[in-house]
Amino acid sequence: MWSPAVGADAEPKYQALLDALRRDIESGTLPPGTRLPTQRDLARRLGIAIGTVGRAYAVAEQRGMVSGEVGRGTFVRGPEPGVEDGVLEAEDPELIDLSKSRLVRDPRVGSAADLLQAIARRPDLDRLMDFYQPAPGMARHRAMGARWLQRTGLAVPAERVIITSGAQHGAATVLASLARPGDLVLTEHVTYTGVKAIASLLHLQLRGLPLDGHGLIPEAFESACREGAPRALYCMPTLQNPTARTMPLDRRHAIAEIAAKYDVALVEDDVYGFLAEQTLPPLTAIAPAHSYYITSTSKRMAPGLRVGYVVAPESRVDRVAGVIRASTWLIAPLLAEMASEWIERGEAEAMVTWKREETFARHAIALRILRGWLPTTPAPSFHLWLPLPEPWRTEEFVDQARGRQVVVSGSEEFVVGRESAPHAVRVSLGATASRARLEVGLGRLAELLREGPEPSLTGY
């Protein structure tokens with residue numbers, strides 16, 4: 001019979017019991033199918049109230065850790081194949097998908113069920129559901145967004161913060177407010193695939209600029225400004241996707257000066273900024289009159305919480321809000337309230353702390369396994385840019401990795417236009433549900449790199 005160790009001074013007791021249950025399930029002490037003690041038996045054994053055990057069991061069931069069966073008892077649930085690791089793994093449980101740039105959430109912090117129950121008990125709930133809210137967002141949600149942005153070194157009034165449905169929607173909204181079909185938008189040579197989709201949707205010309213070890217090259221930016229008439233530069237100064245490179249401070253100032261000189265808007269995507277080992281000022285703090293700052297809760301809190309925060313120049317807030325009004329009218333206030341509550345309670349900060357620690361731990365695993373193939377030591381991030389040694393070609397490596405049940409993203413996915421793609425892949429370190437599964441996937445990639453490409457009989 002299960003008899004967890006719950007300290008006499010642990011408070012609240014139900015949470016201590018819940019934590020013990022989670023630990024024993026993760027360690028294998030309680031394998032799937034294990035029948036747990038009845039609430040009465042466990043309460044008597046631990047010397048706590050039956051209601052305390054009942055609450056712990058109820059929360060565990062809400063979180064999918066256990067299932068209660070009438071007349072039989074409460075049992076530890078086994079993981080549903082692929083649910084934690086993504087759609088591809090749902091189709092094939094043996095597959096390790098390292099193509100999603102995300103990180104699983106710590107189940108001990110920020111229970112969505114607890115949060116929704118708390119919101120449901122509030123007397124002002126109907127206000128979130130029954131009225132059309134302002135297009136930039138409710139005043140409270142904008143204020144919480146401004147408070148949250150302070151941790152990035154960006155101090156702005158709530159009136160400059162606009163609520164969006166995640167960073168992707170934020171980028172689409174900003175670019176739609178800035179550019180017309182046919183206009184030129186600059187970005188890095190390899191860039192976030194989402195901005196390529198936005199450019200296609202809005203019929204914008206997208207031109208890639210070269211990077212070096214410190215990100216976007218200022219001289220290339222200025223040359224493009226002289227040659228054309230770009231409306232905007234979309235970039236990720238901190239932990240760029242897919243390369244995980246970060247612009248140093250002097251380069252940020254150089255980019256800001258060039259943008260001001262040629263009157264080019266800077267669209268700064270900072271969804272990974274919270275992972276940076278050193279906090280550098282955003283471009284928006286350096287050049288507020290020319291910059292739009294974008295971040296979201298999806299990377300920092302939970303992937304399904306699609307709430308974004310856009311900071312626009314004061315004179316452009318109404319124009320960005322007008323795009324939201326024309327496209328979706330407003331952002332679901334209930335989701336924005338969930339994010340605001342987590343920020344206000346301090347749970348959002350706890351999530352960020354855990355994600356940073358987990359990212360650094362996974363990064364250390366990747367360095368241990370793949371260091372021999374990395375030309376420099378990359379900064380900790382959700383993803384790793386892995387240059388491929390000769391004679392590997394990107395498509396070969398992606399295909400043969402898939403043959404070993406590992407999915408990675410080839411460089412072609414990120415290249416802008418018809419430029420040649422570097423021989424490299426992006427490996428997402430946070431995509432798996434556990435470090436152990438990540439280690440298996442990385443081990444397979446290392447084995448593939450050691451062995452080299454399999455002979456190919458093509459072109460005969």
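Which residues line the largest cavity? In this predicted model, the lining consists of Q133, P134, A135, P136, G137, M138, H141, I163, L330, I331, P333 and A336. Nine of these residues are nonpolar and three are polar, with no charged residues. The volume of the largest cavity is about 60 Å³. Rolling a probe the size of a water molecule over the atoms shows where such empty space is left. Three cavities reach 30 Å³ or more.

The second largest cavity has a volume of about 40 Å³. Its lining includes E188, H214, Q240 and R245, along with L211, G215, L216, M236, P237, T246 and M247. By class, five are nonpolar, four polar and two charged.

β4 and β12 (residues 308–311) run antiparallel and are joined by four bridges. The whole sheet is open, with seven strands in the order β4-β12-β11-β10-β9-β5-β6 and mixed pairing. β4 (161–164) and β6 (205–209) each have a single partner strand, so one side of each has no neighbour in the sheet. From one strand to the next, the twist averages 20 degrees.

Helix α8 (residues 166–178) packs on this sheet and touches β4, β5 (184–188), β9 (232–235), β10 (265–269), β11 (291–296) and β12. The direction of α8 makes about 160 degrees with that of β11. Helix α14 (residues 317–327) lies across β4 and β11, and runs at about 15 degrees to β4.

Technical notes: Residues are numbered from 1 along each chain as its sequence is written. This is a predicted model: local features need pLDDT of at least 70, side-chain atom pairs count only at pLDDT 80 or more; totals for chains, interfaces and linings use all residues. Side-chain values use heavy atoms; hydrogens and water are left out. On a 1 Å grid over the protein atoms alone, a cavity is a set of points where a 1.4 Å probe fits but cannot get out, and a pocket is an open set with protein on both sides within 12 Å along at least five of seven lines; lining residues have an atom within 4 Å of a point. Grid points are joined across faces, edges and corners, and a volume is the space filled by probe spheres set on the points. Ala, Val, Leu, Ile, Met, Phe, Trp, Tyr, Cys and Pro count as nonpolar, Asp, Glu, Lys and Arg as charged, and the others, Gly among them, as polar. Two strands pair if DSSP finds at least two bridges between them. Helices (H or I, at least four residues) and strands (E, at least two) are DSSP runs, numbered from the N terminus. Axes are lines fitted to C-alpha atoms, for helices over the stretch in contact, and angles run from 0 to 180 degrees between N-to-C directions. Contact means heavy atoms within 4.5 Å.
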